[in-house]
Amino acid sequence: MLLLHIGGVRLDVDSHKQTSWHDLTPQIRISCVLLMVLAIALTPNGRWWTWAIYGVGILGVLLASRVTFSVLLKRFAVELSFVGVILLGTLFRDGGEVLWQWGWLRITTTGLTVLGSVTLKAGLSLLLLNLLVLTTPIPVLLQALGALRVPPLLVAILASMYRYIGVLIEEFNSMQRAAVSRNLMSNRRWHRLVIGNAIGALFIRTYERGERVHYAMLSRGYDGLPHLRKMPKNQRRDILALTSTALLALLGQAVYLK
Amino acid sequence: MHHNPISIENLSYIYPDGTQALKGIDLHIKATERVALVGANGSGKSTLLQHLNGILLPQEGQVVVGEYQMAPKNLRNIRNFVGLVFQNPDDQIFMPTVWEDIAFGPMNQGLQGKELDDRCTLSMHAVGLDPERYAQRNAQNLSGGEKKRVAIAGVLAMQPQVLVFDEPSAQLDPRSRRQLIYLLQSLPLTQLIATHDLDLALELCDRTIVLSEGKVVGDGATEQILGDRDFLERHHLESPLSYSRPYCLLEDVQAIDSVTQNGNGKMVGLGVKAIEI
């Protein structure tokens, strides 16, 4: 039920700090993070030195951006626990030497390599994405996506998802409270049935609300294409940041060149 | 400013399910008039309001807004001319931050850069929201009164000549309602206010139109219409609370006056209306 907290929690705890990372325009921050995540994810399994180099780079950015480490680690831990479920599957696979066996369960060298690689990939990428979300407010991120030529309609859909998720959760909670206040606790099965109905009602309400929102948009002159705000232009330091990210990505790969 | 911003002639509307929502409405509103539109639930208020902004197009009869006949080719101009404030601000504020939402209308008009910023700042000031404090706030975390203000600012930012409100005081606490009344009083625009809050109508509007079952059944001075208890009850309404409180009786006013005069020697103005009940 992590979603239930999105409306109330402030995601961008560190967005008001002034560091060299915060000086970069948001679209460049997104580009750098995207580039690094791609580089991390596309590295073949078992190339530990590449990830070590990337890790040092990421640590540098984390220190430079002065993010609140307690918040970062907390979020990181929660997210990694979800990834953990997938990781367990990678452990018990065939290939290589068998190190340990119990019935049909066995741990092999290939399994361990895959496990380590996927954990590192997921961990490093999550650190970067958390850094981005911690230091950049969501509305700014959405505007930056627009500046990066993501289709405006897609950005508008993301923006209204962000706007309305809290409203929907509030509506669902109030329906649930209304049901509980009329003594909905007799038995589990009945409870599930009612919650199911509430979700159905919420779906219809969402549909109706969508229509009302659309009317409100029309009445303010919406003509089918959302307009995006102008974003600050790229400066020299932005180009420098993007170039050094690309160089770091290449350096990491170059270690295994023969 | 246009001298006769809204005129409606013989307007009828039937919903797809066969409900006749409006029957032969005739209505003319003059510039800078503040008009209350009252009527029981289902009397056709909202349907009428949606015709003023081109969300619904007339099936029969005609609607003329400013110099524009209500037709698809004029919709752009009509929507710049008439600003519609919806009942539930959550339906209207759909952008993540206050600033982005207020900028939505002007951006659709093609404004950019400094002009856009000025327009937004101006309308935030007009509704009493400090741009420094509110511009980057998340729309989710505003109070009901603040949301209402943002919704009105978003419409004002388009600089319309007519403002149309659907239940502006619904879901507001007394203080926010009071602030809303002052705000509407301060706006020098033609206003049409659909409301169940007859005290608000009494305070704000000189003219009141009563809708009942899709027809205009009363149109005249607010005090005259809202003072006619039998008429209101015939159309499933009741007279404003401020008309029915016991201290509105003439003899009570005199009694209270004498107390306040004797008490500390100062005269206290109570500002009540004396109506026979």
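What radius of gyration does chain A have, and what would a compact globule of 258 residues have? I began my notebook here, reminding myself that this is a predicted model. Chain A comes out at 23 Å, whereas a compact globule with that number of residues would be near 18 Å.

**Entry 1: chain A as a whole**

I looked up the box next. Along the principal axes, the C-alpha atoms of chain A fill roughly 65 × 60 × 35 Å. Then I checked burial: 24% of the 258 residues of chain A count as buried. For contacts, I took those in chain A with a separation of 6 or more, and 78% of them come from residues 24 or more positions apart.

**Entry 2: the elements of chain A**

I found nine helices and two strands in chain A. Reading from the N terminus, I noted the run α-α-α-α-β-β-α-α-α-α-α.

**Entry 3: the six-stranded sheet of chain B**

I moved on to chain B. In what order do the six strands of its open sheet stand? I wrote down β6-β7-β8-β3-β9-β10, with mixed pairing. At the edges I found β6 (82-85) and β10 (215-221) of chain B, each pairing on one side only. From one strand to the next, the twist averages 15°.

I picked one pair to follow. Strands β7 (residues 162-166) and β8 (residues 190-194) of chain B run parallel and are joined by five bridges. Within that pair, Val164(B) has Leu192(B) in β8(B) as its bridge partner. I also spotted a helix packing on this sheet: α7 (residues 144-156) of chain B, which touches β6 and β7 of chain B. The direction of α7 makes about 165° with that of β6(B).

**Entry 4: the four-stranded sheet of chain B**

I found an open sheet of four strands too, in the order β2-β1-β4-β5 (chain B), and its pairing is antiparallel. Why is one side of β2 and of β5 of chain B left without a neighbour in the sheet? Strands β2 (20-29) and β5 (68-69) stand at the edges with a single partner strand each, so one side of each has no neighbour there.

Here I followed β1 (residues 6-14) and β4 (residues 60-65) of chain B, an antiparallel pair joined by five bridges. Glu9(B) finds its bridge partner in β4(B), namely Gln62(B). Helix α1 (residues 45-52) of chain B packs on this sheet and touches β1, β2 and β4 of chain B. For its direction against that of β2(B), I noted about 55°.

Conventions
Residues numbered from 1 in each chain as written. Chains lettered and ligands numbered in written order. Predicted model: local features only at pLDDT ≥ 70, side-chain atom pairs only at ≥ 80, totals over all residues. Rg over C-alpha atoms; globule rule 2.2 N^0.38 Å. Buried ≥ 20, exposed ≤ 12 C-beta atoms within 10 Å, placed from the backbone. Contact = placed C-beta atoms within 7 Å. Pairing = 2+ DSSP bridges. Axes fitted to C-alpha atoms, helices over the stretch in contact; angles between N-to-C directions.
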